[in-house]
Amino acid sequence: MSKPEKLLDKKGLRLDGRKLDELRPIKMEVGVLSNADGSAYLEQGKNKVLAAVYGPKEVHPKHLALADRAILRCRYHMAPFSVEERKSPAPSRREIELSKVIREALEPAVFLEYYPRTAIDVFIEILQADGGTRCAGITTAALALADAGVPMRDLVVACAAGKIEGKLVLDLMDLEDKYGEADVPLAMMPGINAVTLLQMDGSLTLEEFQNAVKMAMEGCKQIYEEQKKALRARYIAIKEAINE
Amino acid sequence: MISSIVSKVKQKQIAQLVANRKRIDGRGLTDYREIKVEAGIIERAEGSARVLLGKTQVLVGVKIDIGEPFSDIPDQGVLTVNAELVPLASPTFEPGPPDENSIELARVVDRGIRESKAIGLEDLCITPGKKVFVVFIDVYVLNHDGNLIDASALAALAALLNTKMYNYELKDDEIIRKPGYKPLPIRNYPIAITFGKINNQLIVDPWLEEEQVMDARLTMTIDKEGNICSIQKGGSGYFTTQQILEAAKIAKERATELRKLVVET
Amino acid sequence: MPTFFESKELVTPGDLLAEGDYIAGENTYQEDKKIFAERIGLVEYDNRKVRVVALRAFYIPRIGDVVIGMITEVGFNGWEVDINAPYTAILRASDVLERGFRPQKNDLLSILDIGDLVIAKVTAYDRGSNPVIKISEPGLGKISRGQLIKVTPTKIPRIIGRKGSMISMIKRETNCRITLGQNGLIIISGKTREDEQLAIMALRKVEDESHTSGLTDRIAEMIRKEKEGRRKNVQT
């Protein structure tokens, strides 16, 4: 995709018609894969993300097991057809780093100490990417963990804020991320005000950074409500079917 | 960064000290260890520097080669950062391909340089779309005593400032070397400042034992204007919003001090 | 000292359930004076105690539980058994071979082979070591026939019902023998495959609708309707 002439129009609207502090349309579904212990699917704009959780289960190879807690393993992976130019299916350095920071964003939420000597595996597949896939991956993985019945302090939810053409914006899509001035992905447990992932690249003054963090957190809180709705929907649907 | 077991006694000691705003080596919570920078120690490299951050030792070599530009930015040179956690540096480093720790280290150093536009990559184009200079930054960790990110980022900046390029002229798209050297075009001076969270307190420049007990890590890279150009959270714990905003303020102050060690102003 | 939900209301991890002088029960945790949910489930306020009946959970062994397992490995001293838990269970040869156990003479494979199903009881388990099970007791042992299904382990009490009302009704109405493992595995064996299918259908419905009221009556009616439908099919 080539660089658009402008990222904001005269009215201050974005390429897809969104306002500065507006999220992309978001859709989530829990329990979509029968083999996994927990699973979820998410669409956020053009992003399409699938997450599956297996475990807690015995650790193989055995020497990786920890005597006092479970280990959380995480694989963030992009499908070869998820981006404009085919991506090699072998894990890139970017994917290895993102797998690590996503794992570290989820770990604070999980009561790993309950299940020593076991492993919990989280697999995130990006089926289609349009910017903000690490955040979308975290949001989806948290749903899959809850669906697997893994005890958690809170759901983890993620959203980015950033800067394009001098203005702070919420939930950047690919073109805004690529040609904008800054991107701040943030993950948190909203119930206990804990930031579990924070990255940034670009350039922001201290004040802009403060406001970007605030904006990302507001976005997180909106997505958090959607997460809860998606989890409840699975059980409430059954309840309603009976009442009819 | 590495997981090895620290005795419960030591864990408690470190946590209690931090609660009283003290540290095992006598530093204040936001103090750095002693830093030494030596530039130009590898003659075969176009640029090099060694940084001693307390007992942590990192060597960075810069090599310049000729290669192809990326297709989406055909008129700019290429920057590549790689980090090696060589086995001689720590009993916990193992030989083999880069693991997630060394990849993260390289990518955090890379982002600081790239996002602050520290290197004038547009000046490194030879023939647009065909030939550009490629800047290879190789981070070599020689002794791991904690906070590899800050030591590596500082060594990388010192090495870039020390890098010399040969003079050349173009004849029929061929490069003809000419006598003399000129410095690499350096436009910005990014400085990485890393925090640890222990006992719900922020500390700056965690050393190895602190790293082994800390809940989470936060690195902020600050450019010469005092803007933030890159952030990375690591570790299995979390930060509160207040801690993040406090860290940003401290990072800005500390970066100004550290920058003076490598840049003469 | 407020509570934030109605009893039996659906909650998700991180939901603040109560604040003040409360006790954190199962599937909840406490921080300062606040009690939060750890799992998806239905919150229950019982005097000072706050708990969540999980809708999604996995099986964690408890000593005394009767479980259904599958042999996954045969060693010199015994078997490894998958009991649908995060930990593999151990069945010692000495439990099965009553007299002095001599590995050279007894081929363990001939007693229990990989893939065999057993009904067993958990005799030992703690955080540090894998669960140990035994099959040397009446009612336990190798299972030779029937169909195996898996349900969420937390639903087993609902499948049993109050004083066993649900399970005995299903057994009676479908003419099947049904063995429940606390670990969420169930063996169903009936005279015909149709009977077994009917029982499985009923058990699945209980699992899906476990958090609704009037369930026993609805299940009984469903079974009767199915049976009637079948009779009509036979006649025509």
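Contact is taken here to mean heavy atoms within 4.5 Å. The structure is a predicted model, in which local features need pLDDT of at least 70 and side-chain atom pairs count only at pLDDT 80 or more, while totals for chains, interfaces and linings use all residues. Side-chain values use heavy atoms, with hydrogens and water left out.

The contact between the two chains involves 34 residues from chain A and 31 residues from chain C, and together chain A and chain C bury about 2,800 Å², of which 54% lies on carbon and sulfur atoms; buried area is the accessible area (1.4 Å probe) that two parts lose on being put together, summed over both. Across this interface 3 salt bridges are found, a salt bridge being a side-chain nitrogen of Lys or Arg within 4 Å of a carboxyl oxygen of Asp or Glu. In a salt bridge, the side chains of C:Arg56 and A:Asp147 meet at 3.4 Å, N to O.

Strands (E, at least two residues) are DSSP runs, numbered from the N terminus, and two strands pair if DSSP finds at least two bridges between them. E3(C) pairs with strand E7 (residues 49-54) of chain C in the parallel sense over 2 bridges, and C:Ala24 stands opposite C:Val50 in E7(C).

Methods
Residues are numbered from 1 along each chain as its sequence is written. Chains are lettered from A and ligands numbered from 1 in the order in which they are written. Helices (H or I, at least four residues) and strands (E, at least two) are DSSP runs, numbered from the N terminus.
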